[in-house]
Number of protein chains: 2
Amino acid sequence: MATGSSGSSQSPSARRPRPEVSVLRVGHRPGRDPRLTTHVALAARAFGARRMYLHPRDDALAERIAVVTHRWGGDFAVVPVDDWKSLVRTFPGTVVHLTMYGLPLEKSLPRLARLRRILLVVGGAKVPPELYRRANFNVAVGHQPHSEVAAVAVTLERLLGLPLPARPGEAPQRIVPSARGKRIVGGRRRR
Amino acid sequence: MATGSSGSSQSPSARRPRPEVSVLRVGHRPGRDPRLTTHVALAARAFGARRMYLHPRDDALAERIAVVTHRWGGDFAVVPVDDWKSLVRTFPGTVVHLTMYGLPLEKSLPRLARLRRILLVVGGAKVPPELYRRANFNVAVGHQPHSEVAAVAVTLERLLGLPLPARPGEAPQRIVPSARGKRIVGGRRRR
């Protein structure tokens with residue numbers, strides 16, 4: 001199957017081998033509203049990342065994403081990490097830290113697109129300075145304050161292309177694109 | 001000045017006149033964690049939207065975004081709307097509803113790029129069916145569940161290009177892109 005691991009097919013314009021991308025989300029705050037990290041995970045999945053490492057762990061959030069993946073296809077998962085610095089040090093690939101202070105994504109893209117395996121790190125204002133040194137690349141998706149959700153989505157979209165709808169048989173439930181209204185095939189509309 | 005209204009310059013590849021884009025965010029829930037709507041607003045601003053209409057109104061949120069705009073440049077603002085359906089009906093431009101049930105963004109882009117003025121509507125699961133009929137276009141940024149933050153950012157990025165850093169004099173405070181660490185010019189680092 002030519003669809004990567006998220007269940008979302010990719011733009012046919014992406015002909016060369018695409019990097020395998022994992023996301024590492026640090027600075028999650030369990031106990032506060034989990035929607036922001038949930039949106040990072042959903043965007044990572046929808047735009048073709050293979051998994052999202054999450055520090056600190058949040059099993060309820062991981063379970064909610066697993067339900068989405070079960071229903072909408074692919075094998076994306078949220079993986080807890082207790083020691084994210086160790087993951088950054090030992091990751092068998094290239095560590096790309098998304099930060100508004102980094103070098104422009106537009107300039108970095110040609111190099112990133114040739115990589116085999118990428119760990120895309122998003123943190124927030126509180127990221128320790130060490131990460132800037134440990135990362136192979138510090139990359140800015142624009143140089144204005146915005147959102148880790150937007151940074152992950154735009155980077156993945158530029159690297160991997162816009163996801164296409166799932167094809168018949170590819171996911172338990174899939175959308176049929178429509179000019180008006182909602183068409184879902186194969187799934188329950190309600191839980 | 002060739003930078004649009006957000007204070008973020010746009011990719012030089014976008015040579016033709018670009019649409020003026022406003023965002024309408026419905027389904028905001030004041031009293032719950034405001035970060036998600038804050039991120040929609042920050043992404044709208046950073047990726048070149050002119051303003052974000054917000055229903056229901058949230059003055060504290062609008063004020064926080066005003067502080068960001070004051071510091072980082074441009075004249076983006078969050079505008080409260082009490083009757084969003086009326087705004088959708090009377091908007092002097094094209095209403096584009098972002099929904100995973102819509103037609104693929106990739107296919108819609110050539111038409112959208114030729115428009116003069118766009119109202120980009122993001123809602124969430126609870127959007128009334130009426131919006132699907134009222135919108136001139138229902139457009140999907142991928143056909144998987146993800147995030148209104150991601151949908152706004154990716155649509156704006158595809159329409160207007162990646163924002164460039166502000167130029168000297170363009171904003172009270174601006175970033176100098178760096179391979180390592182943080183460089184800010186002209187601003188206070190702390191409040």
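I began at B:V23, which stands opposite B:L120 in strand 5 of chain B; helices (H or I, at least four residues) and strands (E, at least two) are DSSP runs, numbered from the N terminus. The model is predicted, so I noted that local features need pLDDT of at least 70, side-chain atom pairs count only at pLDDT 80 or more, and totals for chains, interfaces and linings use all residues. Residues are numbered from 1 along each chain as its sequence is written, and side-chain values use heavy atoms, without hydrogens and water.

I then looked up the neighbours of strand 5. Strand 1 (residues 20-25) of chain B pairs with strand 5 of chain B in the parallel sense over six bridges; two strands pair if DSSP finds at least two bridges between them. Strand 4 (residues 94-104) of chain B also runs parallel to strand 5 of chain B, joined by four bridges. There, B:V96 has B:L120 as its bridge partner.

I checked how covered strand 5 (residues 117-122) of chain B is, and five of its six residues are buried (under 20% relative accessible area; exposed is over 50%, partly exposed in between; 1.4 Å probe, protein chains only).

A:E157 is buried at 4%, whereas B:R158 is partly exposed at 28%.

Conventions:
Chains lettered and ligands numbered in written order.
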